[in-house]
Each structure stands twice: as structure tokens, then as C-alpha cells.
2 protein chains.
Amino acid sequence: MNMEIKTVKEVCKSAKEASGGLGIMSAGQKNRILEITADKLISHTEEILAANERDMKAGREAGLGEGLLDRLSLDKKRVEAMASGIRAVASLPDPVGEITETFTRPNGLVISKVRVPMGVCGIIYEARPNVTADAFAICFKSGNACVLKGGSAAIHSNTAIAAAIKEGIRSAGADPDVLGFIESTDRESSYELMKLREYIDVLIPRGSASLINSVVENSIIPVIETGTGNCHIFVDESADPEMAVSIIVNAKTQRVGVCNACESLLVHRNISETAVPMIAKALLAHNVEIYADERARAICPNLKAASEDDWGREYLDYKISLKLVNDTDEAISHINRYSTGHSESIITKDEANAERFLREVDSACVYVNASTRFTDGGEFGFGAEIGISTQKLHARGPMGLKELTSYKYVIRGNGQIRP
Amino acid sequence: MNMEIKTVKEVCKSAKEASGGLGIMSAGQKNRILEITADKLISHTEEILAANERDMKAGREAGLGEGLLDRLSLDKKRVEAMASGIRAVASLPDPVGEITETFTRPNGLVISKVRVPMGVCGIIYEARPNVTADAFAICFKSGNACVLKGGSAAIHSNTAIAAAIKEGIRSAGADPDVLGFIESTDRESSYELMKLREYIDVLIPRGSASLINSVVENSIIPVIETGTGNCHIFVDESADPEMAVSIIVNAKTQRVGVCNACESLLVHRNISETAVPMIAKALLAHNVEIYADERARAICPNLKAASEDDWGREYLDYKISLKLVNDTDEAISHINRYSTGHSESIITKDEANAERFLREVDSACVYVNASTRFTDGGEFGFGAEIGISTQKLHARGPMGLKELTSYKYVIRGNGQIRP
């Protein structure tokens, strides 16, 4: 598994050059290559686990927390899961070449809008090594070359995984440069990558808010911002209290470290006397700390006092904020002020309030009577996901294969000139 | 027409605040307001022409060329044209609220993808004052507030036009801050605007390549790159020579200063002995200078010699480059190397070559047997156009009302939680 060391620019240039051939590959060719790369991951399990052990050792020595070490660690089962992830992407329909619209102009020109790959996708990510395989597979199936830059904690694992995949691509007779892998993990390489607009068509950062902000501020390549989720649930006056409690507990505690977990509750004041104690009891039973405003604390004095900062906070922890509101309007304007535009839900039996909430809350995913945890490519039926966009340009919400494509206009004439 | 002077940040903040109300306005409300702003433009014709005369005087004193002065100048007819432009946009279908997809998940969640406005669009543009009215109307009809920053040459005209429109919005009972107008014309204001990501959702530069590059390099707001067009026409071996000449003359000379004009010709070597003299004769009759490679000059020695630089040049003038190629493959790779990704056309009777060209040329608009001059929102039937995108993220090619929208997912449940 010898890989020659290339500069960031060379990796990106090679990926751009390889992207043309990949962009016009048939679905059958792409699927066959994906299957072979999955096989190679399995057959190189030993090398991958040895590389991972080096990362784990360095991580333990550096004093990484248990949670981070768990995300970093690989075993035979996790390598198998990566391989089946690649096979699952191979089984998805190919979005490339889909004709989404055709219209004929009065002058006889026939104009079709055809789905095409973006070209080269750059992905900058942090600890989890499985992203290396996932991101490659999704980009490849959507006809895109990719340039991957992972974090230093997982560098040996990522390098071994990328080498196995490249070996698979090469042995299938295709150009391994469709997977560009940046081996240096310093910040300078990231900054260099963010300026290579001539080679990279879109840059997707995956990881902490500070990583994402750094990419947004420094990249001259178009960026899709992903991930940060200060998600709200509004319990309206007419909510079924048991449904509200069940959804809140699920959205907060089913998994706390994820972007679609609920971070803030709004409760209609007219039901607060009964709803707040019910919700508090259920959440406290799950060890969730509640940071509440004064009106809620007047009902449940054992809640912690919220400060202004709490309304904008993404805890990613067993913590949640809680505020009473006077009506749906106040709930909507509070959300539009403090939310990160990810996912919000209203629990209500009132159809007019539900429709107003769905219409006026300016977030990627707006729910009525369901948990915010459903904002996910898998749960939406996309089969695979490269991230969840919280910006409005290009893609919003869960991004699957289609969201990694662009389009071109194909125009067929018989000599038309513009009068 | 008194307008209080606001800072760039204040203008953008007010536009963001006003955008929420505009985003949920009905088509009827928006159309009524657009009609009233068109009326106001007409009723303020005198002030607008007086302001324009100040710009024209300053322009003449600064020694602006005839072309620029013509683009700057307004008269009664041009003000009327601006007003009818606004009315034309009012008559277009409203894209906001359109449900583009609905699907039901096995757990009963009903997920709809709904078209919503972007929020606030920033437009940075150069000399032509009519852009002030056009850009406002297109943004407004697609539910977006806008922040406009025009060039210094047209500042008095732009200010008068914006004031008349704002008066119209106010008199219709709506919030005039949906049109943010930046009165300062210095570069610092542009740089300040490009950093206000919290208020502006997308930034669209319209103008010269240097303006566009400056925005791409300095903006932390998502940008849609527009405009630069090094458009190619490839005359294949099987081309009908008369059709080729007619399309080439149209694409080069019908209007030379526009981004969809043809700037470079590729001719199959097997027909070059007859085709090159025919094409040269027709173009020279239209005073077009031809910069040709050695092989073409061996056939027509009176052509000028092309240098390597000519292949990448957008002349925007009565000039064109010409090169012989050995086959369709060479034409495609030359185009993918030198083109700006705007519009390219193949003239051919060979269906296989046409399909390969359409598939493999990586540009926004790819044509067979038609002039590149059709790349235009009006010619595509979009009714209005905010620019032509040459990037792949979000929108590609002519951008109409739909291309100024994003989407949200609306999810309706009855208590679903994630297992």
C-alpha cells in the first residue's frame, strides 16, 4: 500500500483531471468499482486495524476522552460496516443523466435540463475514520471526484482506508485519482485547499462549529455549511401532553451528541402549570438538566436559571433550555431569532397554528407532531447522506446523492440564430 | 424623496428584518405592490431624469467612452421600459410555496419539499441604472428582500430610482426596507457588505470579470458567479457549411459586448480547406478580426496570428480566435480546457458526435446546430433574468425567479419518535 506523497495542489489537480472520465461513467461501471473497493476494504482489514491501533495509542497518550476514542476506534465489525456502507451506495439509483425538465421554444429549440456531477467535492472532516469510506462512496456514485482531508487524530486509519479504496479503483481499471487524499494534517494544508477554486467545485466541512466557521470565512470555493443544530420544540396550548413528553424525551435523549437533537423547549403559558412539571419530571428521569426562564421556574423551582446565552446554545449534552411563550407568534419569532435553521417541531392539535408554524419558521426542516431526530438522510429515505445543510444556497436539510449534483442545459436546434 | 442615510450594516439588518414578512406575502399582494412601484417610477420620471443628467454630466467630464455613456443614459422611453419590466415580472407565476415533491415514509411521516425564498439577496453591479429596477422586481417577486449596491457612475440615477420604488412600497402599506439601497459607492462599503453573512443569504455580482473576482475572493456570503463567457463553436466535419456560417456570424456579431457571444471557433481539419475561407469571408465582411493558428493561416494567410493567450480570451469585441482540430475529441478537450463554462455549440449532421459533445462538454449550456446567443432568461422563456451563472453550485445558466429560491422540508406526523 505505497502511496506517493503529493502536494495539496497536485492532489486537487489530479482529482480535477480524473473527474471528467468519472462524470461520464455509466451506473454499471461505477457500481462495479464500488463493489471492488468494498472487497478491498475487507481484504485489507488487518492493515487498517493496525493503522487504527497507532491512532488509538496516540489518542490515549494525548488524553482523548472516552467518547472521542470510541468514535476513533475500529474493529473487524466496523470495517465490515464501512464495506457494506459502500455496497449500499452502489445499490442506490444513479442521479447523473436524469432529465428533470424538457421544453420546446416557439423557435423550435428543444431545451432539456440534465443532472450532471458537480465535478470535484472537497470534504474537510474530523475524527471519525468511517467518513473516509462514506464520503468517497457518495461522491463517486454521484459522479464526483473527491478530495478528502481528515483530522490528525485519525490520520493513520484514514490513510490505510484511502489506500485500500485506491487499490480497488486501480484494480478495476479506473483512475485512482478520483479519490484525492491529503496526507498532511496541518492547518496550512486546509487553507491551501480552500483557495484552489480552479480544481474544487464545492467544499463541505463536517465537524465542529469552529471547523465549519473557519471554512466559511477562509474558503473562496463555494461552501455548503452543515451541521450546527439549535433545534426547538414548541408545545402549543392544544398539544396532547403525553405526545409532547414522548417526543421531547426522544428528541433530547435518544442521542445527545447529534445536530438534530432538541436543545430548546418553548411551552405555551396557558398549559404551563401542568405541562412544565410533566416535561421536567420525564427529562429529569433521563438526567437532563433544564435551564428555564423565571416564569417556568415559578412553576418548577427546582429548574436551573437560564441566562440569555442559553437560548442560542447547542448543548450536545444532557441539557436543555425551556421558556414559556404567550402564543404561536412568540414561539415563531423566538425560533427565527435563536435557531440555527436546522430542525424545529410544533406539538399541537390546532391545524391553523401548525400551518402557520410550518410556513413561518425559517428552518431546513419544520415538523408538526414529530421528533426533530428524523432530520437525517437515512430517515428521509435518501439511502446515504453527506451531511445536513443549514444554508439556503444549493441544498438545504439532509443531502444525499442528488444534492451532490448540478445540472446543464442541453439545447438541440436545426440552425436557429437569434433575430 | 428624502431618504435617511444608513450604514451598510443598518441597511442589511433592516432588509433581513423586512424579509420575513415579504417571504410569506401572497402572489396577489406582491403583484399589487410591484404595479404600484411601476406607477411611481413613471410619476417620478422628471426627478429620475434630472438625477441621470447629473450622472451623465459627471461621466462626460470624467471622459467615459460613448458605449458607457449610452448604457448610463436614461430618457422617458427608458424609464417607461423599466416600469414595464416591473409589470412583466408581476405577471410571472409566483415560485414561492410550490410543492416540488411529497413522499410518505414507512413510519407515516409525510414529507413535502416546498419552495421558499432565499431571504435577502445582495446584488453588486456596475454602470446600468435599469438594474436597480430589474433586480428589485425579480428579488421581490421571488419573495426576497434585496440589498443593492451600484457603481459610482450611476449613483444619482440609482438613488432616484430606488427612492421612487421605496415610495411605491411604502404607499402600498408594505415595508420599504425590503429594498435596501447602499448610497455609498466606495470599495470599503462593498467589502463590508461581503462580510455580513448574518443578514445576506446570497450575493450576486453583475459586471466585469474583475468585479466578480473581487467578490468571489472576499465574500464570506455564498456567491453566485455570473457572466464571463469565452463561448466556442465547433464546426464538425459533417456540418452544413451555410448553417455554420449563419450561426457563427450571428453568435459573433449580433451583439459583441455580451457574455453569450462567440469568442472562439474550432474547425474540423477535414473541411478546413473550404470552411475556413467561407467563414473568414463572412466574418471579415462584418469587420471581425480573426486570430488563427498556423494551420488555418496556411489556408488563409490574411488572418492574424493567434498566440496561446487568445484561446482563453473573452474579447467582447469584433474579434474571434480560430483553430483547426483533428476530431470531436480534440474539440471537446480544447473547450473543457479554455472555456469559462458558459455556452458552447457544435455544428454537425453526425448524431453520435453531437451527443458526445452535449455529454462531455462541461458548460452551463451546450448546443447542437444553434447560436450561443440563446443563453438568456428571456430566450429560455423564464420571463426575467437576474444573471447567467457559470458556477455549478445552486444555479447554472440563466437564472430566473425559481433560481432565486431555496426550499424547506415540511414534515407532518402524529407523534412519531425515532426508535
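A:Cys231 sits in strand E7 (residues 231–235) of chain A, where strands (E, at least two residues) and helices (H or I, at least four) are DSSP runs numbered from the N terminus. The model is predicted, so local features need pLDDT of at least 70 and side-chain atom pairs count only at pLDDT 80 or more, whereas totals for chains, interfaces and linings use all residues. Residues are numbered from 1 along each chain as its sequence is written, while chains are lettered from A and ligands numbered from 1 in the order in which they are written.

**Around A:Cys231**

- A:Cys231 counts as buried because it has 29 C-beta neighbours inside 10 Å, the cut-off for buried being 20 or more other C-beta atoms within 10 Å, with exposed meaning 12 or fewer, partly exposed lying in between, and C-beta atoms placed from the backbone.
- Beyond its neighbours within four places in sequence, A:Cys231 is in contact with residues including A:Cys262, A:His342 and A:Thr372, contact meaning that C-beta atoms, placed from the backbone, lie within 7 Å.
- A:Phe374 is 143 residues away from A:Cys231 in sequence, yet the C-alpha to C-alpha separation is 12 Å.

**Where chain A meets chain B**

- In chain A, 55 residues are in contact with 55 residues of chain B.
- On the side of chain A that touches chain B, E16(A) gives the largest share, eleven residues.

- E13(A) and strand E16 (residues 405–416) of chain B run parallel and are joined by five bridges, and two strands pair if DSSP finds at least two bridges between them.
- A:Val366 has B:Val410 in E16(B) as its bridge partner.

How values were computed: Contact = placed C-beta atoms within 7 Å.
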